[in-house]
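Trainee: Before we look at anything in detail, could you show me how to read a model of this kind, beginning with the whole chain and ending with single side chains?

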Amino acid sequence: MSNDNQEQTQRRSEPLTSVQWGGDKLILLDQRLLPDAIVYLDLFTPEEVWESIHAMKVRGAPAIGIAAAYGVVLGARQYGGVDAAAWDDHVVKVSAYLATSRPTAVNLFWALDRMKGKAHELAGRGGSVADLNEALLAEANAIQAEDEEVCRRIGENALPLFRDGMGVLTHCNAGGLATAKYGTATAPMYLAQEQGIQLKVYADETRPVLQGARLTAFELQQAGIDVTLLCDNMAGMVMSKGWVQAVIVGTDRVAANGDVANKIGTYSLAVLAKAHGIPFYVACPLSTIDLNTPTGDNIPIEERPAEEVTEGFGKRTAPEGIKVYNPAFDVTPHEYVTAIITEKGIVKEPFAENLAALFQA
Ligand code: MRU
C-alpha cells in the first residue's frame, strides 16, 4: 500500500449525519463551520429551523426538506389546544412559514406538502393532539429514512455508468451531508468504493460558499475516496488533459422539460463537458423533479448576500461599495444533460415524456 493509500485508510471514519431527531429537538450539524469544526445545534422551534435553512447551516435539497419536516413537527408541538382541526390549521401555518426559508430547492416544498397532507389525514381521523404529534413525527422520520434508501438506489442505478479508474468531476456538495446518507451525485462514488472500484474524483471548490472544498472534499476524504480539489476555473483545463470521463452533479429542481437548476457554476461545467465530449449526469430523487415547473425559466433562483462574494479568507476581498451579482443557482438547459439518474432508473431524452413517465408507474 502506498503512503497516500495508508493515509486515506487511516482517515476513513463514520459519515457525519446532517439532520437527526433528538427526542424533543432537532439536532443539526452546522455545515457552515465544516471542515474546521464539527458543531451540532439543538433546535426547538420552527423559527430556529427557518433561520438554519436560510443561513445554510443545513443545506442541500434533500437535507433542507428533511430539516423542514422536523420543523413542522416542532411547530405542531407548540399548538396548545385540544382540537384536531385547529391543530391541522396550525400545521398549515407553520408549513407556509417554513416554505419562505429558501426558494429554489423543490424538496423543501415537497416535504412540507407531504407533512401537511399527513397532518390533514391524521386530523380527519381525530384523536388526541399528543397522538397526532406522535404520528406527524413518524412521517418526518419516514421522509428521512426513505431519503437514505432512495440515495442508495440512485447510487445503484448510477454505478454501471462508471468504470474502474475513471475520472469523475463534481460540483458543490450533493453528498451525504446534503441528504440522509450517501448523497445523490456522490452515491455512486460510495457504492464504487464498497465494490472496490477506484474512481478518481475531482471536486470543484464551488465559489462563493465553497461547498465543494469544505464539504465534498471533506466527506470524500473522510470516507477514504480518492478526491482532488480544484478551483472552479480549473475544470476546463482538467477536462482538456483527458482526466475527466464523466461529470455528475446533484440538483435543486428539475423542470418538467428536463432543465436542471443546481449550484451556480453547474451550467458552465455542462457546456465545458459538451465541448469535450464528456457525459454530464444529474443525480436526484423524484422529490427533486417538479412537473409543475414547465421549464428552467420558471425556477425561482435565489440571490444571496453580496458579502458571500466580497468577503473571504476572514477578510474583505473586494473594494467597498462594489456592485455584486450573487445568484446561488443556475439553470442547465436539458440539451446539455446526458442523463438524469433517479431511484427509479436513468432518464434520457426526450426528458418531458420520460420524466413524466417516472410518476405514472
Ligand atoms: O446552496 P446549497 O448548498 O443548498 O446548494 C446545494 C446544491 O446545489 C446541491 O447540488 C443540490 O441541493 C443537490 S444536494 C443532493
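This is a predicted model: local features need pLDDT of at least 70, side-chain atom pairs count only at pLDDT 80 or more; totals for chains, interfaces and linings use all residues.

Trainee: Which residue forms a salt bridge with Asp113, and how far apart are the closest N and O atoms?

Mentor: A salt bridge is called when a side-chain nitrogen of Lys or Arg comes within 4 Å of a carboxyl oxygen of Asp or Glu. Here the partner is Lys116, with the closest N and O atoms 3.4 Å apart. Lys116 and Asp113 both belong to helix α5, which covers residues 106–125, and their separation of 3 residues is about one turn of the helix. Lys116 has a relative accessibility of 28%, so it too counts as partly exposed.

Trainee: Where do Glu121 and Arg125 lie, and how many residues apart are they?

Mentor: Both are found in helix α5, 4 residues apart, which again is about one turn of the helix. Glu121 is partly exposed, at 37% relative accessible area, whereas Arg125, at 59%, is exposed.

Trainee: Which parts of the chain does the salt bridge between Asp226 and Lys200 link?

Mentor: The side chains of Asp226 and Lys200 meet in a salt bridge with an N to O distance of 3.5 Å. This pair links distant parts of the chain, since Asp226 sits in the loop between α8 (211–222) and β6 (227–230), while Lys200 is in strand β5 (residues 200–204), 26 residues apart. Asp226, with 27% relative accessible area, is partly exposed, and Lys200, with 32%, is partly exposed as well. Salt bridges can also share partners, and in this way Arg102, Glu302, Arg304 and Glu308 are joined into one network.

Trainee: How many salt bridges does the structure hold, and how many positive and negative side chains does the chain have?

Mentor: The structure holds 19 salt bridges. The chain carries 30 positive and 45 negative side chains, and the centres of these two sets lie 3 Å apart.

Trainee: Turning to the interior, is Phe280 buried or exposed?

Mentor: The term buried is used for a relative accessible area under 20%. Phe280 has a value of 1%, so it is buried. This residue is found in strand β10, residues 280–283. Beyond its neighbours within four places in sequence, Phe280 is in contact with several residues, among them Val247, Val249, Leu269, Tyr336 and Val337. The C-alpha atoms of Phe280 and Ala246 are separated by 6.2 Å, although the two residues are 34 apart along the chain.

Trainee: What can be said of the chain as a whole, in its helices and strands?

Mentor: The chain has 12 helices and 16 strands. Its radius of gyration is 20 Å, close to the 21 Å that the globule rule gives for 361 residues, so the chain is as compact as a globular protein of that length. The C-alpha trace spans about 65 × 50 × 50 Å along its principal axes.

Trainee: And how much of the chain counts as buried?

Mentor: Of the 361 residues, 53% count as buried. The accessible surface comes to about 15300 Å², with 53% of that area belonging to carbon and sulfur atoms. Finally, when contacts between residues at least 6 apart in sequence are considered, 75% of them join residues at least 24 apart.

Conventions. Residues are numbered from 1 along each chain as its sequence is written. Side-chain values use heavy atoms; hydrogens and water are left out. Helices (H or I, at least four residues) and strands (E, at least two) are DSSP runs, numbered from the N terminus. The radius of gyration is taken over C-alpha atoms; the globule rule is 2.2 Å times the number of residues to the power 0.38. Buried means under 20% relative accessible area, exposed over 50%, partly exposed in between (1.4 Å probe, protein chains only). Contact means heavy atoms within 4.5 Å. Accessible areas come from the Shrake-Rupley method with a 1.4 Å probe; for residues, only the protein chains shown count as cover. Lys and Arg count as positive and Asp and Glu as negative; His and the chain ends are not counted. The place of a charge is taken as NZ of Lys, CZ of Arg, CG of Asp or CD of Glu.
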